[in-house]
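Dear colleague,

Please find below the structure that I am handing over to you. My findings follow it, beginning with a term that they rely on.

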Amino acid sequence: MQPTLSVQIGPLILENPVGVASGTFGYGSEYEALVELNALGAIYTKAVTLAPRPGNAIPRIVETPAGMLNSIGLANPGVEAFVEHKLPELKTRRAAVIANVAGASEEEYLAVLERLEEAAGPWISPPEGLPISACSARTGIDGYEINVSCPNVRHGGLAFGTDPIQVERLTAALRARTRRALIVKLTPNVADIAPIARAAEAGGADAVSLINTLVGMVIDVRRLRPVLAMGTGGLSGPAVRPVGVACAYKAARAVRIPVIGLGGIMCADDALQYLLAGARAVQVGTGTFVNPRTAEEVLCGIRAWMEREGVERVEAIAKMLA
Ligand SMILES: Cc1cc2nc3c(=O)[nH]c(=O)nc-3n(C[C@H](O)[C@H](O)[C@H](O)COP(=O)(O)O)c2cc1C
């Protein structure tokens, strides 16, 4: 038996559930020599913002027990350079391309999405039931992942993603502007992720992805200062996995739309924890830094597990937890 690995996210069918996480895989081409890009279910791009961003001062990365802390600061060339230099190559990808969008105000998110919609053209719906990878006419963007961990400059700098009212408003405004898959990426830096996931669903999101990084800090006790120039940063890697799995579990029970799980996935068993918790798809982030082929290996391991357990459809794993 060949298990069915495809997964539906709103209008988009991914060939398989394993993607590579935003900010850890560039735009894909950076890994072309090391990774079989065609094996990936989805490539989630580095964040795209309205203006170019050089990112934060260095040092902006430090290793931690079972993970790393980063304060890259959404460094990216801005939406115009993305359209000019990245979009043409993204049109040639077999994997679904999900553009990660960030902004410091609602207007900024909307302006980035509108520019990307204009550049990529109308969404071409693949023939009924076919994954996007089987589609010959590709537009370079198959969906959006909205990073709501950004501080809202108009609302005292509190992250959009910590307030359900702002999440619903922003999601609804973006929804009105695109027919492509709309995924809202949630932050774990909240008391309860369930109401935030429900707000994204109420705003019209096709899925929620979680988790983004957890706020952390490392202090150099000899130099008597934080190691990162910004002081704090975002913790990722195996250290955050139990937090991510718990968030996926809670969110999957709070909403009907698919949950995409990530945080600390290093091998197939880690990904299976997310799928069993209720996620329909997964992303590999920091794991790629340790082994660039982690995502491919995770997919092989999920397939082997399904064959062993006699599970026919990957989407069915979400209902298997005792
Ligand atoms: C170096 C680095 C850069 C990141 N940049 C982004 C980004 O631009 N947008 C975003 O939504 N998440 C970004 N993230 C968060 C990851 O996509 C992911 O949510 C988080 O690292 C947890 O997954 P992991 O433990 O598998 O890395 C970044 C993470 C790292 C380590």
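Two strands are said to pair if DSSP finds at least two bridges between them. Please bear in mind that this is a predicted model.

By that criterion, strand 8 (residues 143-147) and strand 9 (residues 181-185) pair, because five bridges join them; the two strands run parallel. One of the residues concerned is Glu145, whose bridge partner in strand 9 is Ile183.

In general, the strands of a sheet pair through backbone hydrogen bonds, in either a parallel or an antiparallel manner.

I would also draw your attention to Thr139, which is located in the loop between helix 2 and strand 8. Is Thr139 buried or exposed? Its relative accessibility is 7%, and buried means under 20%, so Thr139 counts as buried.

The side chain of Thr139 makes a polar contact of 2.9 Å with the side chain of Arg180. Beyond its neighbours within four places in sequence, Thr139 is in contact with Leu87, Lys91, Ala120, Pro122, Ile124 and Arg180.

With kind regards

Technical notes. Residues are numbered from 1 along each chain as its sequence is written. This is a predicted model: local features need pLDDT of at least 70, side-chain atom pairs count only at pLDDT 80 or more; totals for chains, interfaces and linings use all residues. Side-chain values use heavy atoms; hydrogens and water are left out. Helices (H or I, at least four residues) and strands (E, at least two) are DSSP runs, numbered from the N terminus. Buried means under 20% relative accessible area, exposed over 50%, partly exposed in between (1.4 Å probe, protein chains only). A polar contact is a pair of N or O atoms within 3.5 Å; within protein, one must be able to donate a hydrogen and the other to accept it, and residues adjacent in sequence count only if both atoms are side-chain atoms. Contact means heavy atoms within 4.5 Å.
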